[in-house]
Every structure is written in structure tokens, then in C-alpha cells.
Amino acid sequence: MNSSEVSLVAIRPAEKKFANIVWQVSDVCNYRCSYCNRGNWGGQQPNLDTKTYIKTLKSLLSQFKEQGYEAFKIFFSGGEPTYWKPLVEICEFLHSVLDRPLIAINTNMSRSLNWWETHHHLFRDVVASFHIESANQDNYLRNIKYLQCRLPYVACRLLMHDERFEEVVKFSERIKVELDNYLIEYAALFDDLLPHSPMHIYKEKWKADFLETHSYESQRNLDFCMIKDAKSAACLEVYADGNVEVLNATRLISQNRNHFKGWSCSINDSIFINTSGNIRLASCNAGQIIGNIADENVKLLNQPVICPLEVCGCGTDISIPKIRTNKSGGDRA
Ligand code: SF4
Ligand code: SF4
């Protein structure tokens, strides 16, 4: 473990540089979680123009390739992306034009086992958000059991509902008893499920203590898994003493190391498509809107920026490669 006194000096790709596309595909969701908001389930942006999106993607991917990007990570979120009708056709398109893309999805895991049996091959990473108010616990576990030996990364992301905290913890115990492979993330709530929302404050001490001491738990029986290959789209933390660690954005935030003002940030590696279809570089305010997924003439930019912001607020932005410069302050506040 790196000493917290040693400065972080770079976040860099583990292998070659890769392009990162985060796509919040629609505001359609079959759940209505009390800690969520209409922007994620209101149904005003169903976004169903598959053919146009494929044309724009084709152009964007060609531009990335011209700029030397060889690996691609595409992360689908929503709403509930498995209910987004274009999803399967778009994933099939991505597999047809990219060499071993890393396709990831954040789902509430409400689909049936039959859906996952048919479509799991499209994905490499699945983040299964567990929402105690609406989830069918048996269906959730049945799906995770099926996926645990078929995909290299399946995370059970438990949203820690304040009033039903104990029930969520109890469900985590069930996961640990019933699964051979698991990665459980205990996700503290934000006051609104929007990028850069403030963290929810848990007033009861035992809950705050639980979250302080439980960020994740895992058990991995690799022999049991049939690992599916994808090109590397992982990043590393590089420290001043030469030490490197696999990037963990949640840990960096908890260590107060997510301050990169003055660093050179490769913001052009990462595009974020919101439910209106607007495409912007990163999700922070340093990124600009460069066009819309419904417009195949969108042009990518290819220049890094000097980070102007005091805080890099979300995991996706923290994961963008960046390097400390002479003009930067320290990585700690
Ligand atoms: S938190 Fe997720 S699953 Fe729950 S309503 Fe919002 S988008 Fe749907
Ligand atoms: S806040 Fe934006 S510009 Fe600054 S490091 Fe994070 S992603 Fe890069």
C-alpha cells in the first residue's frame, strides 16, 4: 500500500491509450427509487433513433482510430439501459467494428435470466446496482450466479438506503453465502443521483462507521471462471516514489487525492453522452459540448487541457489520464 504522504504524480493507462465513451442512454427506467430523480426515470428522452446513432458512432470511432486509439471502453448507463431498445443492435455494431472492445453496463439487474442468457456475451463488465425498494432479490441473485462465471467483472453495487440500511447489509450476507465469486461495493448515497451531487449524510453513527470500514468485499475463484478477453482499458496511479497501483477512484476520493488543478488532463480521451444526446468531453465543467449523437458530423478534439478545477468530482473523470506539471499544486488539499 502506498504511503498517503507520497504524492500522486500521474494517472496513466496500464497499457496503450484507450478511448472512453460513457453513454447515459435514456431517462427510461422501470424503478422509481426514492433517492433518484425524474431526470433518470421521467421518460422524456427515450432516444430510439438507432440508425442515426450508429452513423455518428462510426464517425467518432474512425476519428479516435485516426488519433491512434487502439482500445475502447464503452460504458452504458441510464435510466435502465437494458430497457433501451437500441442497446443490443448498438453493442453488436461495436463488436463488429472494434477489436475486443470493453463494453460495460450499469444495470438494476431486473431483467430475467433469459435476457442475460441471450445477451451476456455482449458485455465484459456488469455493474449490478441493487435497489432495496424495488429489486426482486431472488431474480437479482439468480442473474448474478449465472454471470459470475461467464464475465470477468460483475460487481454487486449495493445502494445503502438510509432507512433500510440493515436490510441491505442482510442481503450482502446472502450474496456471500450463495455466490462462489463476488465483488460487493457498498455505495453511499448521493443526495440526488446526478453527477457531482453532494454525498448523503448518514446521521446514525453505526451506519457511517459501517461505510467507513466497508467500501467493498470480494471473493474470486478464478479457476471457476471462463474469462472473456478484451483490450486493456485500465488505468494506474503513479506515485512520486515510483510506486504504481491499479486506479481506485473511490479510494482516491476518500484519501482526498482528487485535486488536479494545474495538471495536464487528457480530457480528449473521454466523451460523455447525456440523455439529451449531447456529447461533451468528460463530465466536469472543464469539458465542452462538441455536438450531439444525432449529428454524424461531430468532430472530436485532440488537445489535453490544464485542469482549472479544485476538485475532480466523479470516478469517470478521475480515471481520465492526467499528469502533474511544474505549475501544479500538490495532490492533497
Ligand atoms: S436509481 Fe437507477 S434503478 Fe433507481 S429509479 Fe433511478 S435510474 Fe432507476
Ligand atoms: S476536473 Fe476535469 S479537467 Fe480536471 S482533472 Fe478532472 S476531468 Fe480533468
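**Strand pairing, domains and ligand shells in the predicted model**

In strand S12 (residues 270-273), Ser270 and Phe272 point to one side, Ile271 and Ile273 point the other way, and all are buried. In a regular strand, side chains alternate between the two faces of the sheet. The structure is a predicted model. S12 pairs with strand S2 (residues 18-24) in the parallel sense, over 4 bridges. Within this pairing, Val22 has Phe272 of S12 as its bridge partner. S12 is also joined to S13, here by 3 bridges and in the antiparallel sense. Ile271 stands opposite Leu281 in S13. The hairpin of S12 and S13 has 4 residues between the strands, and Gly277 takes a positive phi near 90 degrees there.

The loop between strand S13 (278-281) and strand S14 (289-292) contains Ala282. Phi of Ala282 is near 55 degrees, a positive value in a residue other than glycine. Ala282 has 25 other C-beta atoms within 10 Å and is therefore buried.

An open sheet is formed by 6 strands in the order S10-S9-S1-S16-S11-S15, with antiparallel pairing. S10 and strand S15 (305-306) stand at the edges; each has a single partner strand, so one side of each is left without a neighbour in the sheet. Strand S1 (residues 8-13) and strand S9 (residues 235-239) are paired antiparallel over 5 bridges, and Leu8 stands opposite Tyr239 in S9. S9 also pairs with strand S10 (residues 244-246), in the antiparallel sense and over 3 bridges. The bridge partner of Glu237 in S10 is Glu245. S9 and S10 form a hairpin with 4 residues between them, and Gly242 in the turn has a positive phi of about 90 degrees. Strand S11 (residues 264-265) and S15 run antiparallel and are joined by 2 bridges; Ser264 has Ile306 in S15 as its bridge partner.

The domain assignment divides the protein chain into domain 1 (1-15 + 234-266 + 304-333) and domain 2 (16-224). Their C-alpha centres lie 24 Å apart. The contact between the two takes 6 residues from domain 1 and 7 residues from domain 2. On the side of domain 1 that touches domain 2, the residues divide into 2 nonpolar, 3 polar and 1 charged.

The largest nonpolar core has 68 residues, and those with the most contacts inside it are Trp23, Ala128, Phe130, Cys156 and Leu158. At least three residues of this core come from each of domain 1 (1-15 + 234-266 + 304-333) and domain 2 (16-224). In soluble globular proteins, nonpolar side chains tend to be buried together. With neighbours within four places in sequence left aside, Ala128 is in contact with Thr107, Met109, Tyr140, Ile144, Val154, Ala155, Cys156 and Arg157.

Met109, one of these contacts of Ala128, lies in the loop between strand S4 (102-107) and helix H4 (113-119). Met109 has 26 C-beta neighbours inside 10 Å and so counts as buried. Its phi is near 60 degrees, a positive value in a residue other than glycine. A further backbone feature is the cis peptide bond that joins Gly78 and Gly79, with omega about 20 degrees. Gly79 lies in the loop between strand S3 (71-77) and helix H3 (87-97).

Val169 lies in helix H6 (residues 165-178). Val169 counts as partly exposed because it has 15 C-beta neighbours inside 10 Å, where a buried residue would need 20 or more. Val169 and Tyr216 are 47 residues apart in sequence, and their C-alpha atoms are 12 Å apart in space.

Two ligand shells were also examined. Ligand 1 has 13 residues around it, of which Cys29, Tyr31, Cys33, Cys36 and Asn40 come nearest. By class, this shell has 6 nonpolar, 5 polar and 2 charged residues. Ligand 2 is surrounded by 14 residues, the closest being Cys265, Cys284, Cys307, Cys312 and Asp317. The shell around ligand 2 comprises 12 nonpolar and 2 charged residues, with no polar residues.

Definitions and conventions
Residues are numbered from 1 along each chain as its sequence is written. Chains are lettered from A and ligands numbered from 1 in the order in which they are written. This is a predicted model: local features need pLDDT of at least 70, side-chain atom pairs count only at pLDDT 80 or more; totals for chains, interfaces and linings use all residues. A residue is near a molecule or strand if its C-beta atom, placed from the backbone, lies within 6 Å of it. Ala, Val, Leu, Ile, Met, Phe, Trp, Tyr, Cys and Pro count as nonpolar, Asp, Glu, Lys and Arg as charged, and the others, Gly among them, as polar. Domain bounds come from an automatic or database domain assignment. A nonpolar core is a set of buried Ala, Val, Leu, Ile, Met, Phe, Trp, Tyr and Cys residues joined through C-beta atoms within 7 Å. A residue is buried if 20 or more other C-beta atoms lie within 10 Å of its own, exposed if 12 or fewer, and partly exposed in between; C-beta atoms are placed from the backbone. Two strands pair if DSSP finds at least two bridges between them.
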